[in-house]
Each structure stands twice: as C-alpha cells, then as structure tokens.
Amino acid sequence: LVARVASLLAGSHSEPLKALARAHWRLALIDEFQDTDTEQHAIFEGLFDDRLIMVGDPKQAIYRFRGGDVYAYRHAAERANSTDVLIDCFRAEPAVVEAVNVMFDAVRLKHPPFREPFIGYTPVRSAYDPGRHGVLVRAGKPVAGLHLWAVRPDAGEVWSSKEKARERVVVQVGQAIVELLDSARGTCRSMDGSPGGDIAMSAGD
C-alpha cells in the first residue's frame, strides 16, 4: 500500500490525490512519528504539506520499530515550519523524572548525552499526582527513582560469555520484582485507584 501511494504521488495523479485528501481532512496528525520511515513521511508531506502535524521523540527511533528511522525524523524536523516541546510527564512520579533529567544532563555529563548531536534532551517536569495515585514505598520510605546495578561473578567464578551474566541478571530482576510488588501492596495505587500488584518491564541487549 505504501509503495502504491508513493507511486501515485510521483505520477500524473498526484494533484487529484492531494485535492481529494485535503477535501476529506483539514489536518493530518502522526503520533509516534519516530516510527515513520522516509517513504511514509514523503507520502504525508506530499498530501498535506503545511497541514501536517508530527508528534514524536527521536530517542525512541533507535528501536527502529516498523522501520522507523532517526534520520527520517531529523529530515522532517528540519523541514517543519515550527516546533514545540512537551515538558509535562503524566506517566512517572517526580523521583523518576528527576533521575532521568540528571542522567541526560549534558552540562553535568560535560558532553552531549547521545552520539548524534541533533538528538537533544529537554528536561521535563512530572505532572504525576502522588496524592491521587500513590508512590512506591519500601520500609516506610519512597523508593528512589533510579537504581543502577553492577552484576559481577561470585568469588572464584569465571564468566566465559555474556550468557552467564544474563542468567544472573534474570535472577536478580526476578527477586527485585517480587520485593517491589510486596512493597507496593497497600502502599501504592495504580492510575485507576486499584492496589499495586503489576509491573512493566522494558529489556534489551
């Protein structure tokens, strides 16, 4: 479908196709734009031009989900008439947001936080309401927003491959999940007000 539409836009039917799309939709909005590849962006730009609104985060383009390309994102951002930044985070409590802000602070790091200079980081603020949704507590104290683990062999143990380290990480993560969920029960509520009892993970090499 993408190839066929791109072919039509490149041919003699482009103007009728643009007119038809703009007659049906005054604006086009692409959310999660970082998952858009060059050909898909060219289609929407060709159809809607300055009526196109793109919402995305180039830092997420590293996953190349559905062929997303960080350089396609840069190209689109450079051609945009104007840009704005969303700075309120509704998905994470203040401790997590503060930890991420510190981790990607270019001044503190003394160098850009990402290899590609055009992928910047704008500090955000937490719009999460702890009074309404609760916070994660362990031993009566709020849990830190970020934890760094160093996984090392035991005394006398030798790891010949990363698989051994992976096995150790799996065990430690499993133990941490159990501890966190035990701590959450009765002290932390989910977004809908129900007791804490679930956890989400994002993992990769």
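Tutor: Let us begin with contact, which means heavy atoms within 4.5 Å. In this predicted model, Leu52 touches Ala28, Ile30, His41, Phe44 and Glu45, when residues up to four places away in sequence are not counted.

Student: What makes Leu52 part of a nonpolar core?

Tutor: A nonpolar core is a set of buried residues of nonpolar kinds, Leu among them, joined through side-chain atoms within 4.5 Å. Leu52 belongs to the largest such core, which has 11 residues in all, including Ala28, Ile30, Phe33 and Tyr73. Of the elements involved, β1, α3 and α4 (70–79) each supply at least two residues, and α3 gives the most, with three.

Student: Why is Gln34 called buried?

Tutor: The relative accessible area of Gln34 is 2%, and buried means under 20%, so Gln34 is buried. The residue sits in the loop between β1 (28–30) and α3 (38–48).

Student: How do you know that the side chain of Gln34 makes a polar contact with the side chain of Glu32?

Tutor: The pair is given at 2.5 Å, and the limit for N or O atoms is 3.5 Å, with one atom able to donate a hydrogen and the other to accept it, so the contact counts. The side chain of Gln34 also reaches the backbone nitrogen of Asp57, at 2.9 Å.

Student: What makes the pair Asp154 and Arg168 a salt bridge?

Tutor: The N to O distance is 3.4 Å, and the cut-off is 4 Å between a side-chain nitrogen of Lys or Arg and a carboxyl oxygen of Asp or Glu, so the pair qualifies. Asp154 lies in the loop between β6 (141–142) and α8 (162–184) and Arg168 in helix α8, so the pair ties together parts that are 14 residues apart in sequence.

Student: Why is Arg168 called buried, while Asp154 is called partly exposed?

Tutor: Arg168 has 19% relative accessibility, which is under 20%, so Arg168 counts as buried; Asp154, at 48%, falls between 20% and 50%. Arg168 also meets Glu157 in a salt bridge of 3.0 Å, N to O, and Asp154, Glu157 and Arg168 are linked in a network of salt bridges.

Methods. Residues numbered from 1 in each chain as written. Predicted model: local features only at pLDDT ≥ 70, side-chain atom pairs only at ≥ 80, totals over all residues. Heavy atoms only, no water. Helix = DSSP H or I, 4+ residues; strand = E, 2+ residues; numbered from the N terminus. Buried < 20%, exposed > 50% of the residue type's maximum accessible area, 1.4 Å probe, protein only.
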